[in-house]
Amino acid sequence: MSTQFKDIIYEVGANAVYITINRPEVFNAFRTQTVEELIQAFRMADEEKSVNAVIFGGAGDKAFCTGGDQKVHLSEDGLYGPRGMVGLPIEELQSAIRDCRKVVIARVQGFAIGGGNVFATICDLTLASEKAQFGQVGPKVGSVDPGFGTAYLSRMLGEKKAREVWFLCRRYKAQEALEMGLVNKVVPHDELDAECEAWAAEINQLSPTAIAIAKRSFNADSENIRGISFMGVAAVKGYYQSEESKEGVRAFNEKRKPEFKKYL
């Protein structure tokens, strides 16, 4: 079974729902429509009774997701569009992934950068190709994720490593991400789909209610971060409307180094 969307692909397989960002021409960067469709897709997956898992990925061979589409971000008001606090309802999507009663597996075959790295962080499990790369770029382009992308990352990696990820904006290869605790397993590139399917098949043999209760129990310990996220996104809205943030977006699109301090 498949459902038609414009920016994503939604399919129900034998062992998992497959949700795939289908914008390979921009390295699966998301715009408002992408986020709206992903919210709908995860809510549909939550109600799908035939399987216990979601495999969340990106189309093509190069990228899982590289965050917000900066060409769309280049607007007069500094926002992405008409919905949500920053022009796209990213906080609703993050909640939809966490609230989904299925085990959400991030399938990372290439770049998981920026918002894509946040998705890999908040998914329940992450499986990566040996070609995958992870990392943050927010402070390079006048952006930040002040909730799950930061506070929850620190729970996962520890404070020092999480701060390194955000304060230096380096890229980490798949094996480094595994050693950091961001990834569950790294496999050869051409074995990634089979590995994701194998994990989903194993999960699909288990009690869906027990899995849902376990997931809610895990989430309960970090649920306060949702409140941090909503307050933080409100702060980011004001930041996106500043000339400092707009300079980061302009510089990215013009392929030059930003001059942030001229706007302080």
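**View 1. The largest nonpolar core and Phe-42.** The largest nonpolar core has 54 residues, and those with the most contacts inside it are Ile-19, Phe-42, Phe-56, Phe-119 and Phe-134. The largest share of this core, six residues, comes from helix 1 (residues 32–47). A nonpolar core is here a set of buried Ala, Val, Leu, Ile, Met, Phe, Trp, Tyr and Cys residues joined through side-chain atoms within 4.5 Å, where buried means under 20% relative accessible area, exposed over 50%, and partly exposed in between, with a 1.4 Å probe and protein chains only. Helices (H or I, at least four residues) and strands (E, at least two) are DSSP runs, numbered from the N terminus. Leaving aside neighbours within four places in sequence, Phe-42 is in contact (heavy atoms within 4.5 Å) with Ile-19, Val-54, Phe-56, Leu-93, Ala-96, Ile-97, Cys-100 and Val-104.

The model shown is predicted, with local features needing pLDDT of at least 70 and side-chain atom pairs counting only at pLDDT 80 or more, while totals for chains, interfaces and linings use all residues. Residues are numbered from 1 along each chain as its sequence is written, and side-chain values use heavy atoms, with hydrogens and water left out.

**View 2. The surroundings of Phe-30.** Phe-30 lies in the loop between strand 3 (17–21) and helix 1, and it counts as buried because its relative accessibility is 6%. Not counting residues up to four places away in sequence, Phe-30 touches Arg-23, Val-35, Cys-65, Gly-67, Gly-68, Asp-69, Leu-88, Ile-90, Gly-115 and Phe-119.

View 3. Strand 4 (residues 53–58) runs parallel to strand 6 and is joined to it by four bridges, two strands being paired if DSSP finds at least two bridges between them; Ile-55 stands opposite Ile-105 in strand 6. Strand 8 (residues 125–129) also runs parallel to strand 6, again with four bridges, and Thr-126 in strand 8 is the bridge partner of Ala-106.

View 4. Four strands form an open sheet in the order 5-7-9-10, with mixed pairing. The edge strands, each pairing on one side only, are strand 5 (63–65) and strand 10 (171–173). Strand 9 (residues 133–135) pairs with strand 10 in the antiparallel sense over three bridges, and Arg-171 in strand 10 is the bridge partner of Gly-135.

**View 5. Helix 4 and helix 10.** Helix 4 (residues 115–122) is mostly covered, eight of its eight residues being buried; among them are Asn-117, Phe-119 and Thr-121. In helix 10, the buried residues are Ile-225, Arg-226, Ser-229, Gly-232, Val-233, Val-236 and Tyr-240. Seen down the axis of helix 10, its buried residues fall within an arc of 120 degrees (that of the directions from the helix axis to the C-beta atoms), so they line one face of the helix. On the other side of helix 10, Met-231 and Ala-235 are exposed.
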